[in-house]
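Hi everyone, thanks for coming. Let me put the sequence and the model up on the screen, and then we can walk through it together.

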Amino acid sequence: MKIIIVGCGKVGHTLAEQLYSEGHEVTVIDRDGTVLRNVTDSLDVMGVEGNGAVYDVQQEAGIKDTDLLIATTGSDELNMLCCLIAKKAGNCHTIARIRNPEYAREIQYIREELNLSLAINPDQAAAMEISRLLKFPSAINIDTFNKGRVELMKFIIPEGSVLHNTQVMEVSTQLHCNVLICAVERGNEVFIPDGRFCMMVGDKISFIGDPKDVVAFFRQIGIANTTIKSAMFVGGSRLTYYLTKLLEPTGIKVTIIEQDLDRCNELSELLPKAMIIHGDGSDEQVLMEEGITRTEAFAALTGFDEENIMLSLYASSQTDAKLVTKINHIAFEDVVAKLNLGSIIHPKLITADLITQYVRAMQNSMGSNVETLYKIVANKAEALEFRVGKDAPMIDIPLEKLSFKDNLLIACITRGSRIITPRGKDTIEPGDRVIVVTTHSGLRDLKDILK
């Protein structure tokens with residue numbers, strides 16, 4: 001597919017990298033020539049310097065032959081204008097990044113009036129992910145499928161766990177838990193385990209099941225899921241605003257520490273139920289005075305990765321609270337992963353996942369659309385949810401008789417109201433939703449899971 005990306009910031013660069021790696025013809029547009037060259041020098045993509053909302057610039061980028069334009073500049077208004085012009089000039093699909101809370105309340109109207117294919121709010125998407133984590137603090141990552149009816153969770157096997165030296169097949173036979181272990185991270189390696197795979201202390205385990213089975217599994221292995229009653233957030237960003245609004249109905253008492261006085265006053269009006277503190281969140285005395293040792297959840301949500309990492313490391317030394325760390329850059333991911341930062345949130349990767357999901361769904365050839373996509377281990381493993389079309393080639397054939405690609409697992413089948421943990425005798429039927437976990441990148445259609 002031919003794709004134009006307007007804006008080469010963090011999200012734009014990540015998207016260009018992701019879509020180029022999946023074989024698309026990518027063109028990037030940016031006003032800043034230096035930023036543009038950073039992208040074109042590192043990736044084999046075409047660059048056009050200029051304002052992406054100008055018709056002539058879009059013409060130079062080849063808008064008439066383009067399948068999709070994605071506008072990810074720092075301005076919501078510019079992104080919407082880029083999409084409007086692209087729709088008129090090239091009649092292509094359009095995706096706009098829209099972050100302002102004022103627009104968020106009218107997003108459906110904006111989508112319809114501008115004929116946008118997709119409107120994405122990275123801050124709101126990241127806030128939703130954090131809110132799920134605060135409701136289930138035992139997990140370090142939670143992804144949901146089929147409108148929340150199936151959950152994919154990740155946690156670290158602690159010292160003394162019954163899972164140490166346990167084979168994957170024993171989770172159902174000995175622990176009597178109806179969940180499926182679908183990925184294991186050990187050091188820098190990622191495994192899609194078979195039944196004989198032996199788990200160890202320190203492994204990061206991803207498993208899938210319906211919510212009640214997930215709760216039962218945690219209870220069976222001795223990990224309590226205590227409800228969080230208080231949370232402290234450092235940084236009064238848009239993400240913090242969206243997160244606090246999502247938490248209001250839960251009754252969690254939220255304290256926000258923000259350095260900018262004007263932003264504090266603004267947040268006080270927007271979030272009357274939250275405690276807004278004007279102060280430096282990196283000041284140890286401020287954190288102590290506001291109760292870092294007593295809070296049950298702590299999230300570092302400033303605009304600086306280094307500050308967020310240091311804040312979470314300090315919090316981990318002072319409290320056993322649930323930790324969440326926002327990180328934008330992922331250049332040192334292997335190093336960061338070894339630090340005690342709790343759940344790490346990458347807003348730009350969440351955005352890239354949503355857009356990649358849409359792009360793959362555009363490409364499907366047999367009606368087996370990609371409904372949901374998550375990078376469960378960045379650049380190493382992904383989980384995809386497909387809707388099964390009537391012409392899919394594996395229909396009515398027992399799974400044990402199908403020849404799947406290596407390092408690929410059918411993790412879950414949803415059929416109507418039933419959640420099926422797949423076994424060899426199970427089959428895939430038209431209308432099912434099938435969740436696949438794999439280290440292969442670029443699956444676009446359900447037929448791609450076969451050798």
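How many bridges join β1 to β2? There are five bridges between β1 and β2, and the two strands run parallel.

Before going on, a word on what you are looking at. This is a predicted model, where local features need pLDDT of at least 70 and side-chain atom pairs count only at pLDDT 80 or more, while totals for chains, interfaces and linings use all residues. Residues are numbered from 1 along each chain as its sequence is written, and side-chain values use heavy atoms, with hydrogens and water left out. Helices (H or I, at least four residues) and strands (E, at least two) are DSSP runs, numbered from the N terminus, and two strands pair if DSSP finds at least two bridges between them.

Now to the sheet. Six strands make an open, parallel sheet in the order β3-β2-β1-β4-β5-β6. At the edges are β3 (46-49) and β6 (118-120), each with a single partner strand, so one side of each has no neighbour in the sheet. On average, neighbouring strands are turned by 15 degrees against each other, direction ignored; the axes behind such angles are lines fitted to C-alpha atoms, for helices over the stretch in contact, and angles run from 0 to 180 degrees between N-to-C directions. Helix α15 (residues 347-363) packs on this sheet, touching β1 (2-6), β4 (68-71), β5 (93-97) and β6, where contact means heavy atoms within 4.5 Å. The direction of α15 makes about 170 degrees with that of β6.

Let's stay with β1 for a moment. Five of its five residues are buried, so β1 is largely enclosed by the rest of the structure. Buried here means under 20% relative accessible area, exposed means over 50%, and partly exposed is in between, with a 1.4 Å probe and protein chains only. Lys2, Ile4 and Val6 point one way from β1, while Ile3 and Ile5 point the other way. In a regular strand, side chains alternate between the two faces of the sheet. Ile3 has Val26 as its bridge partner in β2, and stands opposite Leu68 in β4. β1 and β4 also run parallel, joined by four bridges. Further out, four bridges join β2 (residues 25-30) to β3, and Ile29 stands opposite Val48 in β3.

The lining includes Asn178, Asp210 and Cys412. β11 (204-209), β20 (408-415) and β21 (418-420) each supply at least two lining residues.

Finally, one backbone detail. Most residues other than glycine have a negative phi. Asn407 is not a glycine, yet its phi is positive, at about 55 degrees. Asn407 sits in the loop between β19 (381-387) and β20, and is partly exposed, with a relative accessible area of 44%. Asn165, in the loop between β8 (150-156) and α8, also has a positive phi, of about 65 degrees.

Conventions: On a 1 Å grid over the protein atoms alone, a cavity is a set of points where a 1.4 Å probe fits but cannot get out, and a pocket is an open set with protein on both sides within 12 Å along at least five of seven lines; lining residues have an atom within 4 Å of a point.
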